[in-house]
Amino acid sequence: MQVSNQLPVKHVSHTAWLVAAFRAQESERPDAHFKDNLASKLLGALETEYLSRFSEDAKTDHWLLTIRTCQIDQLILNAVQNGVTTILNLGAGLDTRPYRLPLPSSVNWYEADFPELIDYKNKTLIQDVPHCNLHRISADLSDAEQRRKVLRDIDGLSASTLVLTEGLLYYLTDQNVAELANELAETKSFNYWLMDIFNHSFIDVAHKLWNITPADLESDDVRFHFLPENMESFLKPLGWDLKQLLSFGQGAIDLDRFPKGYDLQKVESEKGLFESGVCLFTKSRR
Ligand SMILES: C[S@@+](CC[C@H](N)C(=O)[O-])C[C@H]1O[C@@H](n2cnc3c(N)ncnc32)[C@H](O)[C@@H]1O
């Protein structure tokens, strides 16, 4: 896999560039909800190339990632305030929260992703200083042995650990996600699992908004595999209870950021927007 010269999305790791491009766009807006100052640096020359693949509408219509980013920021800061001291970001991609969020320096933040992406990020951000202790781990998370080693190495380092899987799960298989849920439930210290979920009706809308065509998704790697009818029912028997859902619909209203062509009334009538969002699960197995 060569992450830097294949465009736009031929390997699942390339989706990291895609979401970073949207975060860079948001950061440049006068009404930006966050500033991800490192997104452009990480994208380098690819920023223009990625963005050029999108229609003008899609470029300005990155509301969903803005909402998702803000919701996850908020839930992470709440968790840290409530005693979480270790965070594991699985499929971290080009996320820069350890640099961007006002985290206490005592927080230990771990990022895991494919080796090529981790090497690239280490190299590109070598001069930048995160707010907390940041560690990066290379692993293919669909490989059970590699994934279990990541969890074993981090489990028990602190009393309360949060795992974040933002934009990751749908690229894994049902079996991978079920195994991951079980493995996390068996740990001593992973108490919280933060993730984004999409319901089926919403995925079609999201694909249309991002202007991603089937031809863009040439590799089987990049297809969405894991799309449970109901995430809460999927995770419950595996040891995880839904504690909080911040829906994309409510986020659109709160942040006053609507998809193009949607007004408040249309957002309020779109069920999919209120069943999809950012979810915090807590472990039910003790
Ligand atoms: C849509 S991106 C999201 C990146 C990041 N979480 C964010 O929101 O900016 C999906 C990420 O999951 C990573 N990923 C997907 N499958 C993976 C696997 N089997 N092992 C490791 N990382 C994986 C990709 O490399 C990519 O960085």
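How many residues surround the ligand, and which are the closest? This is a predicted model, in which local features need pLDDT of at least 70 and side-chain atom pairs count only at pLDDT 80 or more, while totals for chains, interfaces and linings use all residues. Residues are numbered from 1 along each chain as its sequence is written, and side-chain values use heavy atoms, with hydrogens and water left out.

**View 1. The shell around the ligand.** The ligand is surrounded by 22 residues, and the closest are Arg 23, Gly 91, Asp 113, Leu 141 and Glu 166 (near: a heavy atom within 4 Å). By type, the shell holds 11 nonpolar, six polar and five charged residues, with Gly counted as polar.

View 2. A ligand nitrogen lies 2.7 Å from a backbone N or O atom of Gly 91. The protein covers 98% of the 590 Å² of accessible area that the ligand has on its own (Shrake-Rupley method, 1.4 Å probe).

**View 3. The buried face of helix α8.** In helix α8 (residues 144-154), Arg 147, Val 150, Leu 151 and Ile 154 are buried (under 20% relative accessible area, 1.4 Å probe, protein chains only; helices are DSSP runs of H or I, at least four residues). These residues line one face of the helix, because they fall within an arc of 90° seen down the axis of α8 (taken from the directions from the helix axis to the C-beta atoms).

**View 4. The two ends of α8.** At the start of α8, a side-chain oxygen of Asp 143 comes within 3.1 Å of the backbone nitrogen of Glu 145. Just after α8, Gly 156 has a positive phi of about 85°.

Terms used:
A polar contact is a pair of N or O atoms within 3.5 Å; within protein, one must be able to donate a hydrogen and the other to accept it, and residues adjacent in sequence count only if both atoms are side-chain atoms. Buried means under 20% relative accessible area, exposed over 50%, partly exposed in between (1.4 Å probe, protein chains only).
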